[in-house]
Amino acid sequence: MQDALLYATSNEMQKRDAGAALAAIIPGLKWNPGEKILDIGSGSGDVTVNLLARRIPVEFEIVGVDCSEQMVEFANQSFASHDISFQHLDIEKEENPCHLFPYKFSKAFSFYCLHWVKDLGNCLQNIHDLLIPGGDVVLVFLASNPIFSMYKILAEDSTWGQYMKDYEKYIPVYQNSSDPKQEFSNLLKLAGFETVLLEVNEHSFTYENKNQLIRAVKAINPFINRIPEAEQAIFLMDCLTTLLSLDVPTKNGKIEARYNLMVAHIKKKK
Ligand SMILES: C[S@@+](CC[C@H](N)C(=O)[O-])C[C@H]1O[C@@H](n2cnc3c(N)ncnc32)[C@H](O)[C@@H]1O
C-alpha cells in the first residue's frame, strides 16, 4: 500500500470495524495516566488519531508504526502532534524491536494489518516483547475476504498474471482455513499471551455503488502500481467483474461485501 491519501478517503469499512471493536473493548480496559500505546500498521494515521486516540480516557503517548515509509511520512505530515508520532517498523520481520523504543508499551492495537503478515508467530513474539507484563493487545484483521480469491483468479489471467507472480504473498494466512480461530489461538498460546476474547465472525459492508468499491479495491491493491497507467482502469474493471462473480450480492446498484473478521483481546502474562 502506497497511496495514503486514497486509502484515508476510501477506508469506510475498516473504520467502521475498528470503531466497533474499540467501542466494545476499550471500556473494559484498566487505564493509568501516561499510557504508552502502540498502533501496529497505522497506515495513513487517520484511524490512530480519529478513532483510537479519541477513545483513550487518560493522558497518553501513541506511537503508530508501519512497514511502509510512504505511509509513515504521510501520517507524520498529516496527524503527528505532541503526544502522537509515527515511525517505521516491520512487525513481521524485525528481529529485535525493543531496541527501537526507549520504553515498553502498556497497550498495543492493530487494525486491518495482520492479514498482510505471513509469519504471524514472529509478529506475535515481537508484540509480546514490546509490552510490559499485563499489557493489553487488541487485534482486528481479516481472516478471509473474497478480494483475495479475486487476486488468485487474476494472477492466473494471461494479461494480468505477469504483474501478480508473487500474489500468494498477499493472501492472508487464514484465507482458506476451516478453523482460523483455533489456529490463531494456538499461536497466541505459543507466544505467551492470555486470551480474553477471540472471535471470528462474518461481517458485511454495503458499497453504495461500483465506484466506491473500485476506490476501496484500488486503495489496498498491491499490484496496481506495477501495471502501466494506461491499463490500470481496465485492470480495476476486471477486479470488479471478477469480484462480482464470486457470490458478492448486488441490489439496486449497491454491492454487499461479506468477509470474516478476527477480533482479539489478549494480554501479556504478569
Ligand atoms: C489496510 S492498512 C490499515 C491502516 C489502519 N490501521 C486502518 O485501520 O485504517 C494496513 C497497513 O498495515 C501495514 N503493514 C502491513 N504489513 C506490515 C508489517 N509487517 N509491519 C508493519 N506494518 C504493516 C501496511 O503498510 C498498511 O499501511
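User: Where does K218 lie?
Analyst: K218 lies in helix α8, residues 210-219. Keep in mind that this is a predicted model.

User: Is K218 buried, exposed or partly exposed?
Analyst: K218 counts as partly exposed, because it has 18 C-beta neighbours inside 10 Å. Buried would take 20 or more.

User: What does K218 touch, leaving out residues up to four places away in sequence?
Analyst: K218 touches L6, I224 and L236.

User: And K181, how far from K218 is that?
Analyst: Their C-alpha atoms are separated by 29 Å. Along the chain, K218 and K181 are 37 residues apart.

User: Switching to helix packing. At what angle do α2 and α3 pack?
Analyst: About 15°, with the axes 10 Å apart. Helix α2 covers residues 12-25 and helix α3 covers residues 46-55.

User: So what do we call that arrangement of α2 and α3?
Analyst: Roughly parallel. The label applies because angles under 35 degrees count as roughly parallel.

User: Left-handed or right-handed crossing?
Analyst: α2 passes α3 in a right-handed crossing.

User: Which residues meet there?
Analyst: From α2, K15, A18, G19 and L22. They meet V47, L51, L52 and R55 of α3. By class, the residues of this contact are 5 nonpolar, 1 polar and 2 charged.

User: Now the ligand. How many residues surround it?
Analyst: The ligand is surrounded by 23 residues. The closest are G41, G43, S68, F111 and W116.

User: Which elements give two or more residues to that shell?
Analyst: α2 and β2, the latter being residues 60-66.

User: How does the shell divide by class?
Analyst: The shell around the ligand has 14 nonpolar, 6 polar and 3 charged residues.

User: Backbone next. What's the phi of Y112?
Analyst: Positive, about 55°, although Y112 is not a glycine. Y112 sits in the loop between β4 (105-111) and α5 (120-130).

User: Is Y112 buried or exposed?
Analyst: Buried, because 20 other C-beta atoms lie within 10 Å of Y112.

User: What about phi of N252?
Analyst: Near 50°, again a positive value in a residue other than glycine. The place of N252 is the loop between β7 (250-251) and β8 (254-268).

User: Buried or exposed, for N252?
Analyst: N252 is exposed, with 5 other C-beta atoms within 10 Å. So Y112 is buried, whereas N252 is exposed.

How values were computed:
Residues numbered from 1 in each chain as written. Predicted model: local features only at pLDDT ≥ 70, side-chain atom pairs only at ≥ 80, totals over all residues. Axes fitted to C-alpha atoms, helices over the stretch in contact; angles between N-to-C directions. Helix = DSSP H or I, 4+ residues; strand = E, 2+ residues; numbered from the N terminus. Parallel < 35°, antiparallel > 145°, perpendicular 65-115°, else oblique. Left-handed = near helix turned anticlockwise from the far one by under 90°. Contact = placed C-beta atoms within 7 Å. Nonpolar A, V, L, I, M, F, W, Y, C, P; charged D, E, K, R; others polar. Near = placed C-beta within 6 Å. Buried ≥ 20, exposed ≤ 12 C-beta atoms within 10 Å, placed from the backbone.
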